[in-house]
Structures are given as structure tokens and as C-alpha cells.
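This report goes through a single protein model and the ligand placed in it. It starts with the overall fold and then turns to the ligand and to selected residues.

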Amino acid sequence: MNIAAISTPSGIGGIAVVRVSGPSAISICDKVYRPFKAGNTLASRKSHTLTYGQIIDPESDEVIDEVVASVFRAPHSFTGEDVVEISCHGSLYIQQRILDVILSVEGIRLAEPGEFTRRAFRSGKMDLSQAEAVADLIAATTAASHRLAMSQMKGSISRKLDGLRLQLLNMTSLLELELDFSEEDVEFADRSQLLSLAHQIDYEVTRLASTFSAGQAIKNGIPVAIIGAPNVGKSTLLNQLLKDDRAIVSPIQGTTRDLIEDTITLGGYLFRFIDTAGIRNTSDQIEAMGIERSLRAAERAHIIILLSEPKVPFIDFEPRPDQKVIRIINKSDLAASHDETKSLMSDDSPIIHLSALTGEGVAVLEQHLIELARPVESQGDIVLTNRRHYEALNTAHDYLLRVSDGLTQQLPGDLVAEDLRAVIDSLNSILGQSITSQDTLNNIFKNFCIGK
Ligand code: GDP
């Protein structure tokens, strides 16, 4: 079936693009397209060419717009099918009319959400992890999330998994070979070698899965909590941090107001200040409750800003090993000496002195936040951002444990091979190779917009 949709965002722009894909995409478009140069029908044009002409309403012969039509012939197109992209003037009326006249031709319907990308997956132009990266790429709002999506779209996950799968397949075939000789009681596969290979693969799988938290942070904002006793200036600091950035984050439409107020982009990274609404109220609470709230906010944070003020000690806080702490003494505009505060410290970790009120020293804090964000991204060459991939890797890990157990307990080769195949299946599902359920695919592509 042929499909069509407006592929540019809904709204008025200089130009808009209506995309048509399918086996008869070109002949369908020719029914509503009139080239300026006689004989220049789209059907006569080579792949990857542009043709100037008009879109007409075939019923009334009315000219709807002057357009440029791009022709991509199968398999050299985004979807792998014949594709025509019609670039028209960007008025809402024109976009809709062009789509309507195309849909009025026999044999074509409106594309479903993500259907163009789904067809690209189906025709083998990309694997599922790459198709999902297209959605991430389109949604990326910062340099860092764009970098991750771009690397995944280029196939970084696929390449990594291909290597692991090859090793797993070798292991499986060695074990299966033994079955053919089961009468003779031979072992082709040295069990201790297999065991160390299983451990090595599991290490890779676990390491990849462990990047998910960093990937989530880069995609949705690195969670930061500002904690400290009441009145040390937590909300003032948050407001100071948000102030400079508001112009940058405000164009992100469709996000809630809270989200806009509580995220900032610094050095290409998105930072999300968690549960700050709660923290903001702490000045109204009794002291203990305020700190309690602060601590709760800190549980989910990757970065903790431990805030204090002159003569007030830092609150007791034991970070997890994966949490990074920045210590700040606020209200540097007040004339308290730094040394005086220093003597309150139990250790000599670096402290930033700043004034949340005047903004003095806040740039140093911002620089520090960026420095802490960088290693989050470069933990490994690949960073997972997709929960489906993360869960598949966890499943692979569970089966790898069974493989190791089986090998240790000298279980028969065919039982171990069965678990190995389950590992391969889980890895395959990331690339979409073992997904047969249409429901799963529907679920993945329903998050795309129409036209993608
Ligand atoms: P929170 O309870 O930790 O959120 O503290 P607030 O942000 O509500 O600030 C408590 C009080 O300290 C307010 O009166 C602020 O104006 C004041 N304050 C915050 N930061 C500074 C600062 O850098 N210098 C001075 N002089 N006062 C500050």
C-alpha cells in the first residue's frame, strides 16, 4: 500500500514537505503533478532528481501550488521504496490541500505514526535500534543528546551487538556439534574456555546496560539536587541558575511549565533540578522537615549541590559512590571570611564560594556542573538511552548467568546451548531481528509522529 503524510511540523513555515512512499508513489504523484517542462513527468525522472512544477486538483484543474518534487527510486530512499517528496510553500492550507489531492488518488492512504521509519526497518535500511534513534534524534534538544542519537543512528549499538552475537554463535555451534557425536562422548568445547568466554560476554553486556542511567540522564536531564539547611539560599541559587537559561529552554514547546522552570542547558548538557518544588517550600517548614525533604530529593540525583552559608555547617550527607558532590558556601556577599567557614569543614574537599543573590561566582559552579557531566557521557563508547534495549540486555544477562551455572555444573551441552540461544534472542530483539509480534512493533512506532 502507498502512504502519504506531511513530514514537516504542523504550523506555518517557509516551506513544507509532503512525503509519499510505496510501489506506486511516483505514478500517484504524477496524477496531481504538472511539470513546467513538457514531458518532465515524475515517472520519466531518474532517482535523486528535483523537478519544478505545479500541484493541481485533478477534479477542477485548479493550481494549488508551485512545488519542487524530489524523486527517490527503490531501494535508494529512506523507506527503501519509491519515494516522492513534494516541497511546497508552507501555508497550512497548501500543505493540507496537497495531501488531500494525493490521498484522493486510488491506492494510497494517510501514513500511520512512524510508518515511514517502520518501512525503512522492514526493508532492511536500518535495524530497530537505528529506527528508534531516528525518534531520539528528532527529539534531541541538546548537543549531548543529539550526539548520542546520531551515534546510535549510525549503528554503534548494532556493531557492538554483532560482535557479541558472533562469539555467542560460535559457542552455540561448538556445543551443538557435540550433540552430533553424542554417542562418542567427546567434548569439542573446552568447558573452562567457554566459561571464561561467557563471563567476558556477560561483562560486556552488563557494562553496556550500566550506561543506561547515564543515557537517561543525558536524554532527560542530568538529575541535580540542591540540598542544605533551611535558609541557606537553595531556592535563590536555583532561581539564579535558571534565570540565565530561561531564554534557551523556553522554546521547547509541549513540555510542562515545571519542566521548563527546573531544567537548564549548560555546555550542551541538560540538567534537571529534581523535586525542587519541595525544596522551595522548605523555608516554610520546620527545620527537620526541610532537611528530610532535601535528603529525599538527593536520592535520585546524580549530582548533589551541598549548600551552606558562612557559620552554618554542611548537613550530614553520605553520597553513594556513583553520586558526585559539589560543596558550596553561599552568601559570599556577606562579609564573613572564607577561613572562618573552612574551619567548620570535616575534610578539605574543594568548596565554591558564591553569592546566589548577586550571581557572583555562579559561573564557576556552572563550569563545575559541565565538568561533572562530561564523564557521564564518555563512560564507554556507547551509551544506552532506550529502556527497551536496557531490558533486553538485562534478560541477556540473566540467561548468561544460567549459561555460566550450566557450564560450572557440567550440564549437558544441549541445555547450555538452549540458554545461549536465549541470550542471542534477547540481543537480536534490540536490533528487531527476533521480534515477530506486531504488537511489539506497533508499540515502538506509536511514539513517533505521523510523517516520520
Ligand atoms: P532556602 O530555604 O535554602 O531555599 O533559602 P532561600 O533561597 O529561601 O533564602 C533564604 C534567605 O537567604 C532569603 O532571604 C534570601 O534572600 C537570602 N539569600 C539567599 N542567597 C543569598 C546570598 O547569596 N546573599 C545574601 N546576602 N542573602 C542570600
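Contact here means heavy atoms within 4.5 Å. Of the contacts in the protein with a separation of 6 or more, 65% are between residues 24 or more positions apart. The model is a predicted one.

**Overall make-up**

The protein contains 17 helices and 13 strands. It has 452 residues, and buried residues account for 49% of them. Its exposed surface comes to about 21900 Å², with carbon and sulfur atoms supplying 53% of that area.

**Ligand surroundings**

There are 17 residues around the ligand, and those that come nearest are Asn-231, Lys-234, Ser-235, Thr-236 and Asp-333. By class, the shell divides into 6 nonpolar, 8 polar and 3 charged residues. The table gives polar atom pairs between ligand and protein.

| Residue | Protein atom | Ligand atom | Distance |
|---|---|---|---|
| Asp-333 | side-chain N or O | nitrogen | 2.7 Å |
| Ala-356 | polar backbone atom | oxygen | 3.0 Å |
| Val-232 | backbone N or O | oxygen | 3.4 Å |

Taken alone, the ligand would expose 580 Å², and the protein buries 77% of this area.

Gly-53 belongs to strand E4, which covers residues 49-56. Is Gly-53 buried or exposed? Its relative accessibility is 0%, so Gly-53 counts as buried, the limit for that class being under 20%. Setting aside neighbours within four places in sequence, Gly-53 is in contact with Tyr-33, Arg-34, Pro-35, Phe-36, Asp-65, Glu-66 and Val-67.

**Lys-160 and its contacts**

Lys-160 is part of helix H6, residues 156-180. Which side chain makes a polar contact with the side chain of Lys-160? The partner is Glu-204, at 2.6 Å. With residues up to four places away in sequence not counted, Lys-160 touches Glu-204, Arg-207, Leu-208 and Ile-382.

**Backbone features in loops**

The peptide bond joining Ala-74 and Pro-75 is cis, with omega at about 0°. Pro-75 sits in the loop between strand E5 (63-72) and strand E6 (83-89).

Asp-61 has a positive phi, near 70°, and is a residue other than glycine. It is found in the loop between E4 and E5. With a relative accessible area of 44%, Asp-61 is partly exposed, because that class lies between the 20% and 50% limits.

Lys-331 is likewise not a glycine and has a positive phi, of about 65°. Its loop runs between strand E12 (324-329) and helix H13 (338-342). Lys-331 has a relative accessibility of 22% and therefore also counts as partly exposed.

**Cysteines**

How many disulfides does the model have? The count is 0 disulfides, where a disulfide would need a pair of cysteine sulfur atoms within 2.5 Å. Cys-29 is buried at 1% relative accessibility, and Cys-88 is buried as well, with a relative accessible area of 2%.

Key
Residues are numbered from 1 along each chain as its sequence is written. This is a predicted model: local features need pLDDT of at least 70, side-chain atom pairs count only at pLDDT 80 or more; totals for chains, interfaces and linings use all residues. Side-chain values use heavy atoms; hydrogens and water are left out. A residue is near a molecule or strand if one of its heavy atoms lies within 4 Å of it. A polar contact is a pair of N or O atoms within 3.5 Å; within protein, one must be able to donate a hydrogen and the other to accept it, and residues adjacent in sequence count only if both atoms are side-chain atoms. Accessible areas come from the Shrake-Rupley method with a 1.4 Å probe; for residues, only the protein chains shown count as cover. Ala, Val, Leu, Ile, Met, Phe, Trp, Tyr, Cys and Pro count as nonpolar, Asp, Glu, Lys and Arg as charged, and the others, Gly among them, as polar. Buried means under 20% relative accessible area, exposed over 50%, partly exposed in between (1.4 Å probe, protein chains only). Helices (H or I, at least four residues) and strands (E, at least two) are DSSP runs, numbered from the N terminus.
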